[in-house]
Amino acid sequence: MDGRAHQRPGEFAAYGVTEANAGSNVAGIQTRAEKRGAAYIINGSKTFITNASYANFYTIFAKTDPGAGHRGITCFIIDRETPGLSVGKKFDKLGQRASDTAELVFENVEVPEANVVGSIGQGFYLAMQVFDHSRPGVAAAATGLQRRALEESVNYAAEREAFGLPIYQHQAVGHKIADMAMNYEASRLLTWQSAWQIDNGIHNPRIPAYAKAFAADMATRAAVDAVQVFGGYGYMKEYPVEKLLRDVKIFQIYEGTSEIQRNIIVRELFRGR
């Protein structure tokens with residue numbers, strides 16, 4: 001490889017909001033950033049941070065004013081080599097095991113005031129804007145998993161026979177696959193809609209919430225149904241649907257749980273009433 005293929009400092013980032021006691025409740029984070037002269041001293045920890053082990057720098061949210069609730073959160077850029085910053089052991093997860101996920105610990109980490117993203121106290125609003133952009137990506141991944149579950153199920157059900165017929169001709173199996181196909185197409189359209197909204201500068205949190213919640217929930221259903229279509233073989237690691245089932249669950253959890261998406265939808269539907 002030539003020099004252009006190598007990563008240089010500042011080219012790879014990780015995003016740090018989640019803490020052990022603050023997942024869906026972003027306003028509940030406990031990591032502190034205290035002003036000292038022209039710098040901030042950060043103490044606390046972040047957990048379930050994707051790419052934590054490999055990032056050159058981190059986007060970290062911390063409380064600069066603990067008494068101000070969600071208005072007291074500020075976003076910082078922190079270089080990996082900053083003294084006091086340490087990366088924990090990679091988590092041993094159920095699925096998506098190729099995705100690096102680890103903990104970050106901050107012990108008197110000194111960050112220049114110039115490393116504040118946006119302005120002091122704006123962190124919560126920045127995080128919410130990021131979610132509006134990241135949730136369509138999660139929806140797209142969940143939609144892709146649905147497509148794989150559908151394709152594997154169609155191929156298997158066309159070849160596997162029971163009672164003298166390919167199993168897709170048995171209504172109990174065929175209808176599962178039909179539902180997979182409908183839900184896949186609906187997820188795909190919602191994902192396209194949410195991505196189109198971003199591309200056109202439209203801010204409406206309801207649409208990414210629709211896409212993320214629906215695609216995640218339907219992907220979970222598709223993975224479970226794919227294993228059922230495969231029967232006993234679906235439970236074996238030598239067949240692909242077993243991995244789909246392990247990988248799918250996190251879609252209903254990260255970037256805002258399916259329950260949080262529904263809260264957003266209700267809030268937006270009843271805004272101003």
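A pocket is an open set of grid points with protein on both sides within 12 Å along at least five of seven lines. The exercises below concern a predicted model.

**Exercise 1.** Describe the largest pocket by its volume, its lining and the elements that supply the lining.

Solution.
- Step 1: The space in the largest pocket is about 1,200 Å³.
- Step 2: Its lining consists of 46 residues. Thr18, Ile253, Tyr254, Glu255 and Gly256 are the ones nearest the centre.
- Step 3: At least two lining residues come from each of β1 (13-16), β3 (39-50), α1 (123-159), α4 (241-248) and α5 (258-269). Helix α1 gives the largest share, nine residues.
- Step 4: Sorted by class, the lining holds 22 nonpolar, 15 polar and nine charged residues.

**Exercise 2.** Classify the aromatic pair of Tyr15 and Phe61, and state what the pair ties together.

Solution.
- Step 1: The whole structure has eight aromatic pairs. In the pair of Tyr15 and Phe61, the centres are 5.4 Å apart and the planes stand at 75°.
- Step 2: Planes over 60 degrees apart count as edge-to-face, so this pair is edge-to-face.
- Step 3: Tyr15 belongs to strand β1 and Phe61 to strand β4 (residues 57-63), so the pair ties together parts 46 residues apart in sequence.
- Step 4: Buried means under 20% relative accessible area. Phe61, at 2%, is therefore buried, while Tyr15, at 27%, is partly exposed.

**Exercise 3.** Classify the pair of Tyr233 and Tyr239, and name the cluster that holds these residues.

Solution.
- Step 1: The ring centres of Tyr233 and Tyr239 are 5.2 Å apart with planes at 50°, so the pair is tilted.
- Step 2: Tyr233 is partly exposed at 38%, and Tyr239 is partly exposed at 24%.
- Step 3: Ring pairs join Tyr156, Phe230, Tyr233 and Tyr239 into a cluster.

Methods: Residues are numbered from 1 along each chain as its sequence is written. This is a predicted model: local features need pLDDT of at least 70, side-chain atom pairs count only at pLDDT 80 or more; totals for chains, interfaces and linings use all residues. Side-chain values use heavy atoms; hydrogens and water are left out. On a 1 Å grid over the protein atoms alone, a cavity is a set of points where a 1.4 Å probe fits but cannot get out, and a pocket is an open set with protein on both sides within 12 Å along at least five of seven lines; lining residues have an atom within 4 Å of a point. Grid points are joined across faces, edges and corners, and a volume is the space filled by probe spheres set on the points. Helices (H or I, at least four residues) and strands (E, at least two) are DSSP runs, numbered from the N terminus. Ala, Val, Leu, Ile, Met, Phe, Trp, Tyr, Cys and Pro count as nonpolar, Asp, Glu, Lys and Arg as charged, and the others, Gly among them, as polar. Rings of Phe, Tyr and Trp (its six-membered ring) pair if their centres lie within 6.5 Å; planes under 30 degrees apart count as stacked, over 60 as edge-to-face and the rest as tilted. Buried means under 20% relative accessible area, exposed over 50%, partly exposed in between (1.4 Å probe, protein chains only).
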